[in-house]
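Subject: Model for your review

Hello,

Please read the notes alongside the model.

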Amino acid sequence: MVLATNNPTALQPFDEPSIESDARKTLNRIILELLKRTVVPVKSRSPNIGNLALVEEPELAEFMMRNPSLFQKNFALVAALGDSRFNLNGARWETFRNRTQPAYNSASRPSERSSVASHYQTAVDAFDPDNVNDIEVLLGKAALRVFMQALGISPSIDAFIGLFPQVRTHAKLLQYFSWRGVKEPDVLAKRANWLDTQFSDIFMADSLSRDFIQQAISGSQLDEWHPAVTDLMQNAFAGTETTVATLCWALRLVGQNQALQEHMREEALSGTNDMPVIRSFMSEVMRCLPPIPFVVRELTADYEGHGRKFKEGQQIVLSIVGLHKHPDAWSDPNQFHATRSEFIDSKSAPKAFRPFLSGPRVCGGKRLAEMEMLAAMAAILRKWHIITDEADVGYEYALAMRPASLGGVRIEAI
Ligand code: HEM
């Protein structure tokens, strides 16, 4: 059932050594294209990116999200990724979804707020002004602890997070290959297998994880251990990377506006759970810098409507970046306004604000992530003063888009 570990230390290299850097450059360039077009008048924008159709118009984007049976997740690299609730459709997706969703719903109840906050408090207390780059790992560990607690499992956090750089590389390659065609499929398969084995070993070493997986696959006729491991790993990775990416952007941005930071700090220190300015700021961070800047969907039938025409089997890039800056939906879309009226004056988020998507394939951890980010930001502001000396360090994309580093950010105890 569990594969033997044949290479205990690293991903097998490709024969062509530039593949990894090509993937990195290509994906970063795609994000740049998506960002660049947001400052071009809508009428002058191409309806495609590369050879794929692109959607960023609010009404069509919402229609796509609401109709996942027409605009389904694409299966292009499903074999290399392994089954998970992220890439499945239909009944098998529902089976996988039901393994984790009830736990996420329970973990995001208001009664869980203080327990979630305590994990971030521990991380924030360990911030070290002389090692600002460690902040990302500390926040990552807090996010993983919240995730593991939600599912009632307890694998080694250090072992888990230690593999994230390799998972990032793998995720980048899969996305790159889905654009450019798979190269060296044998090496890719071995890498997927290696990662699977590493995570399988980590889960096997924890009796709670073993029980969780056994329960998830019980009654199954097939050998379902590995898909269950892959699914759990992908859930953990997706939930952690996105939340931490947003918090890192938030740190960079809040350090650029001291008056705003003071205002947010007052809210954080007030002791209430209702923190409208911090909430609005976090939404604005995700509007301008959505951790998932785009998703890809595939047509299951021809579609004509909303002024566009698509063919069955065609792939479409849904640009969250473009949606979040579309002039039909936002005033002053390219400016960062921490308390923009679309957030601060409104009880519900605008329809063109979809960092978690919407509809049946909405992010499973949306409520939990929102709770986490608010708790984390409040804990940071209560304890640390943040100063960003270097406004722009660029971004790095690997499933989630995060700042290239926390370079140029300083923290001082309050
Ligand atoms: C700021 C934080 C987060 C953002 C922006 C975010 C965003 C997203 C987006 C855009 C998707 C849809 C991807 C697609 O359909 O192609 C997604 C899916 C998902 N996310 Fe998140 N996410 C966040 C945090 C989390 C957390 C904390 C968890 C779990 C603890 C989580 C679990 C999931 C799951 C399970 C799915 C798959 C839903 C499905 O199709 O069944 N996410 N997320």
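The residues of the shell around the ligand comprise 13 nonpolar, 7 polar and 3 charged. In these classes Ala, Val, Leu, Ile, Met, Phe, Trp, Tyr, Cys and Pro are nonpolar, Asp, Glu, Lys and Arg are charged, and the others, Gly among them, are polar. The model is a predicted one: local features need pLDDT of at least 70, side-chain atom pairs count only at pLDDT 80 or more, and totals for chains, interfaces and linings use all residues. Numbering starts from 1 along each chain as its sequence is written.

Ligand shell

There are 23 residues around the ligand, and G239, T242, C363, G364 and G365 come nearest. The elements giving two or more residues to this shell are α4 (90–107), α11 (225–254) and α16 (366–383). The largest share is that of α11, with 6 residues. A residue is near a molecule or strand if its C-beta atom, placed from the backbone, lies within 6 Å of it. Helices (H or I, at least four residues) and strands (E, at least two) are DSSP runs, numbered from the N terminus.

Sheet

The 5 strands of an open sheet are ordered β1-β2-β7-β4-β3, and their pairing is mixed. Two strands pair if DSSP finds at least two bridges between them. β1 (48–49) and β3 (71–73) are at the edges with a single partner strand each, so one side of each has no neighbour in the sheet.

Going through the pairs in sheet order:

- β1 and β2 (residues 52–55) are antiparallel over 2 bridges, and N48 stands opposite A53 in β2. Their hairpin has 2 residues between the strands, and G50 takes a positive phi near 60° there.
- β2 and β7 run parallel and are joined by 3 bridges; A53 stands opposite I316 in β7.
- β4 and β7 are antiparallel, with 5 bridges, and V295 stands opposite L318 in β7.
- β3 and β4 run antiparallel, joined by 3 bridges; Q72 has E298 in β4 as its bridge partner.

Helix packing

Two packed helices are described by the angle between their axes and the distance between the axes. Here axes are lines fitted to C-alpha atoms, for helices over the stretch in contact, and angles run from 0 to 180 degrees between N-to-C directions. Two residues are in contact if their C-beta atoms, placed from the backbone, lie within 7 Å. Angles under 35 degrees count as roughly parallel, over 145 as roughly antiparallel, 65 to 115 as roughly perpendicular and the rest as oblique. A crossing is left-handed if the near helix is turned anticlockwise from the far one by less than a right angle, and right-handed if clockwise.

Which residues of α6 meet α11? On the α6 side they are E136, L139, G140, A143, L144 and F147, and they meet A236, G239, T240, T243, V244, L247 and C248 in α11. By class, this contact of α6 with α11 has 8 nonpolar, 4 polar and 1 charged residues. The axes of α6 and α11 come within 9 Å and cross at roughly 135°, and the two helices are therefore oblique to each other. α6 passes α11 in a right-handed crossing.

On α6 (residues 135–151) there is also helix α5 (residues 113–125), packed at an angle of about 160° with the axes 9 Å apart. α5 is therefore roughly antiparallel to α6, and passes α6 in a right-handed crossing. From α5 the contact takes V116, H119, Y120, T122 and A123, and from α6 it takes L138, L139, K141, A142, R145 and V146. The classes in the contact of α5 with α6 are 7 nonpolar, 2 polar and 2 charged residues.

Helix α12 (residues 258–270) packs with α16 at about 105°, their axes being 8 Å apart. α12 is therefore roughly perpendicular to α16. M264, R265, A268 and L269 of α12 make the contact with A378, L381 and R382 of α16. That contact has 5 nonpolar, no polar and 2 charged residues.

Regards
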